[in-house]
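I opened the notebook again today and put the model up on the screen. Here is what I looked up, entry by entry.

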Amino acid sequence: QVQLVESGGGLVQAGDSLRLSCAASGRTFSSYAMAWFRQAPGKEREFVAAISGGGGRILYRDSVKGRFTISRHNVKNTVNLQMNSLKPDDTAVYLCAAGATFRRDALYDYWGQGTQVTVSS
C-alpha cells in the first residue's frame, strides 16, 4: 500500500516557476514507477511526466519538454516536478501516481488527491 500527498501548487503568472512535490508513504518506494498527471475542469486527465523506479527512464508529454523536470529521491520517498516557464495552458489539478509499470497512460495503481496549479496571463 502506498499513500501519496502532493504539495507545492499555487497561483502564478505566465513565465513563473513552481516546484511540486509528492510525498509517499509505504514500503518499497524505489520499486515503483512514479508519474505526474493533470486534469483541467471539463477535460480528460492527461499525462505529464513519468520516471522509473531507479530514475533511469523518464518520459514527458511534448508540450512540457524543456520546461518541466521530473526527479525522484528514493531515500526521502519523494518525487518532484520542477515546472518552469509556466503557461496558462498548464493550469490544472496535478496528481501524483505510483505503479508497478513505467507507462504514460493512466493505469497506475495509486493516486494522490492532487494540487491546484493556476497560471494567469
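Which residues do ring pairs link into a cluster? I found F37, F47, Y108 and W111 joined in this way. Rings of Phe, Tyr and Trp (its six-membered ring) pair if their centres lie within 6.5 Å; planes under 30 degrees apart count as stacked, over 60 as edge-to-face and the rest as tilted.

**Ground rules**

I am working with a predicted model, in which local features need pLDDT of at least 70 and side-chain atom pairs count only at pLDDT 80 or more, while totals for chains, interfaces and linings use all residues. Residues are numbered from 1 along each chain as its sequence is written, and side-chain values use heavy atoms, with hydrogens and water left out.

**Aromatic pairs**

I count 5 aromatic pairs in the structure. For Y32 and Y110 I get ring centres 5.9 Å apart and planes at 80°, so this pair is edge-to-face. Y32 sits in the loop between strand 3 and strand 4, and Y110 in strand 10 (residues 110-111), so the pair ties together parts 78 residues apart in sequence. Strands here (E, at least two residues) are DSSP runs, numbered from the N terminus. I noted Y32 as buried, with a relative accessible area of 13%, and Y110 as partly exposed at 24%. My cut-offs are under 20% relative accessible area for buried, over 50% for exposed, and partly exposed in between (1.4 Å probe, protein chains only).

The F37 and W111 pair is tilted, at 5.0 Å centre to centre with 55° between the planes. F37 belongs to strand 4 and W111 to strand 10, so this pair ties together parts 74 residues apart in sequence. F37 is buried at 2% relative accessibility, and W111 is partly exposed at 26%.

**Charges over rings**

The charged end of R45 sits over the ring of W111, 4.7 Å from its centre. R72 lies over the face of F29, 4.6 Å from the ring centre.

**The open sheet**

In what order do the 4 strands of the open sheet come? I read 1-3-8-7, with antiparallel pairing. Two strands pair if DSSP finds at least two bridges between them. Strand 1 (3-7) and strand 7 are at the edges with a single partner strand each, so one side of each has no neighbour in the sheet. From one strand to the next the twist averages 15°; axes are lines fitted to C-alpha atoms, and angles run from 0 to 180 degrees between N-to-C directions.

Walking across, I noted 5 bridges between strand 1 and strand 3, where Q3 stands opposite S25 and E6 has C22 as its bridge partner. Strand 3 is joined to strand 8 by 6 bridges, with L18 opposite M83. Strand 7 and strand 8 also share 6 bridges, and F68 is partnered with M83. In the hairpin of these two strands, with 4 residues between them, N77 takes a positive phi near 55°.

I then looked at the faces. In strand 7, F68, I70 and R72 make the covered face, and T69, S71 and H73 the uncovered one.

**Cores**

Which residues touch the most other members of the largest nonpolar core? Of its 29 residues, the answer is M34, W36, L81, M83 and Y94. Such a core is a set of buried Ala, Val, Leu, Ile, Met, Phe, Trp, Tyr and Cys residues joined through side-chain atoms within 4.5 Å. A second, separate core of 8 residues includes A35, A50, F102 and Y108.

**Around R57 and S52**

R57 is in the loop between strand 5 and strand 6 (58-60). Beyond four places in sequence, R57 is in contact (heavy atoms within 4.5 Å) with A50, I51, S52 and F102. R57 and F102 are 45 residues apart in sequence and 8.4 Å apart in space, C-alpha to C-alpha.

S52 lies in the loop between strand 5 and strand 6 and is buried at 7% relative accessibility. Among its contacts beyond four places in sequence I listed Y32, R57, R72 and F102.

Technical notes:
A charge sits over a ring if NZ of Lys or CZ of Arg is within 6 Å of the ring centre and within 35 degrees of the ring normal.
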